[in-house]
Amino acid sequence: MRIRPLALVAAFFVLAAPAVAANPQAAGLQVALRAQGLYSGRIDAVVGPHTVAAVKAFQRQEGLRVTGRADARTRAALGPFGRPLYGGRTLTRGMFGWDVSVLQYLLVKQGFASPINGYFDAPTARALRAYQHRLRLPTDAIAGPATFAAFGLQTRVPVRTAAPVAQRVSVYVVRPGDSLTAIARKHGVGLAALAKLNELNPSHFLLIGKKLKIPVAHGAARPAAAAASDTLAIRASLDHWSAQYGVDTHLVRAVAWMESGYQQRVVSSVGAEGVMQLLPTTWKYVEDVLIGHPVEHTADGNVQVGVAYLHHLLQAFGGNERLALAAWYQGEAAVRTNGVYKVTKPFVDDVLALRTRM
């Protein structure tokens, strides 16, 4: 059953006294109040009586309406530590602010030693690298889309999301030698999105001279942590289709995470696309042979096709997960003919290790 990520809906958060559960965004509020000398309690992300009293004291001090709620005006008055909310930007060493405090709180909650002071310093960077290593993420000490998505999946942390905007397009005329995959890569758009916009089948040839609509990126960058909202919906899809096909949910999640980090807009250099990184030939095989009908080129469709194919591989190799994962990576025929390639083994090991954390 689909689960709507209700914890990720709000674009702005008003932190109120009745809250008893920890809201990671509140850690940023507590650090900001501590910087003002008004809060000396634990940074526990719980908006309890002491936090509310500190907010009221700050509002009286600044001549604001005394509500005990950290609304937009209150956060603005808090200065650099009152903004931006977690998820509004990619975080790197040397930055400071509300969002850095939240990141530090989340690292501590996951068992990594980090200060919670709103400043992205060397200890924070070390803790973030350790977290990224555990989750098989690039250990770059940068809190970008994949890292935000991982925290979102583990903690359901509320994040700011961008308001929907109208899509703009440009026109591209197909030239000799063009392929839909190459055009998508050249313009930095997803193959599935490009095919859907132009009502094309990615496995078919393009006609020279055909005019294609190309999505144009807007000037403002999409907030990095908006990916967390997407990935919660994607994980719901992974759980749904793993149940439908009788494949271990944690194994499916691990494969999807290793392939794309739960991102639908990823297209590989060889044309594999979407959450499960499927080649057009694999998609067609699953549609024609395993499922028996076309599947819509959406994130949910990508997951369905990927899980159906993984189910097939598990059956083909008698339930042997290592061989099925090897076949996923290098091809079923190659495993039967040549065994598991040396370059395939790290992928299999990583998926099985990650499975225990997904």
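A salt bridge here is a side-chain nitrogen of Lys or Arg within 4 Å of a carboxyl oxygen of Asp or Glu. The legends below apply that rule to a predicted model.

**View 1. Asp349 and Arg322 join helices H15 and H13.** The side chains of Asp349 and Arg322 form a salt bridge, with N and O 2.9 Å apart. This pair links distant parts of the chain: Asp349 sits in helix H15, Arg322 in helix H13, and 27 residues separate them. Asp349 is partly exposed, at 38% relative accessible area. Arg322 is also partly exposed, at 45%.

**View 2. Arg355 and Glu321 form a salt bridge.** The N to O distance in this pair is 2.5 Å. Glu321 counts as partly exposed, with a relative accessibility of 25%. The pair is also part of a network: salt bridges link Asp248, Glu321 and Arg355.

**View 3. Asp239 and Arg253 tie helix H9 to helix H10.** A salt bridge connects the two side chains, and their closest N and O atoms lie 2.9 Å apart. Asp239 is in helix H9 (residues 226–245) and Arg253 is in helix H10 (residues 249–260), so the contact ties together parts 14 residues apart in sequence. Asp239 is partly exposed, at 22% relative accessibility. Arg253 is buried, at 12%. The cut-off for buried is under 20% relative accessible area. By the salt-bridge rule, the count comes to ten.

**View 4. The start and end of helix H13.** At the start of H13, a side-chain oxygen of Asn320 comes to within 3.1 Å of the backbone nitrogen of Arg322. The side chain of Arg322 meets Asp349 in a salt bridge. Just after H13, Gly331 adopts a positive phi of about 110°.

**View 5. The buried residues of helix H13.** Ala324, Leu325, Ala326, Ala327, Trp328 and Gln330 are the buried residues of this helix. They pack against H10, helix H12 (299–316), helix H14 (332–338) and H15. H10 holds Arg253, the salt-bridge partner of Asp239. H15 holds Asp349, whose partner Arg322 lies in H13.

**View 6. A nonpolar surface patch at Tyr285, Val289 and Leu290.** Together these residues have about 240 Å² of accessible area. Tyr285 is found in helix H11 (residues 280–291). Tyr285 is partly exposed, with a relative accessible area of 32%.

**View 7. The whole chain, for orientation.** The chain contains 15 helices and two strands. Of its 358 residues, 46% are buried. Among contacts with a separation of 6 or more, 53% come from residues 24 or more positions apart. The chain exposes about 17200 Å², and carbon and sulfur atoms supply 55% of that area.

Definitions and conventions
Residues are numbered from 1 along each chain as its sequence is written. This is a predicted model: local features need pLDDT of at least 70, side-chain atom pairs count only at pLDDT 80 or more; totals for chains, interfaces and linings use all residues. Side-chain values use heavy atoms; hydrogens and water are left out. Helices (H or I, at least four residues) and strands (E, at least two) are DSSP runs, numbered from the N terminus. Buried means under 20% relative accessible area, exposed over 50%, partly exposed in between (1.4 Å probe, protein chains only). Contact means heavy atoms within 4.5 Å. A polar contact is a pair of N or O atoms within 3.5 Å; within protein, one must be able to donate a hydrogen and the other to accept it, and residues adjacent in sequence count only if both atoms are side-chain atoms. Patches are made of residues with over 30% relative accessible area and no salt bridge: like charges are joined within 9 Å, nonpolar side chains (Val, Leu, Ile, Met, Phe, Trp, Tyr) within 5 Å. Accessible areas come from the Shrake-Rupley method with a 1.4 Å probe; for residues, only the protein chains shown count as cover.
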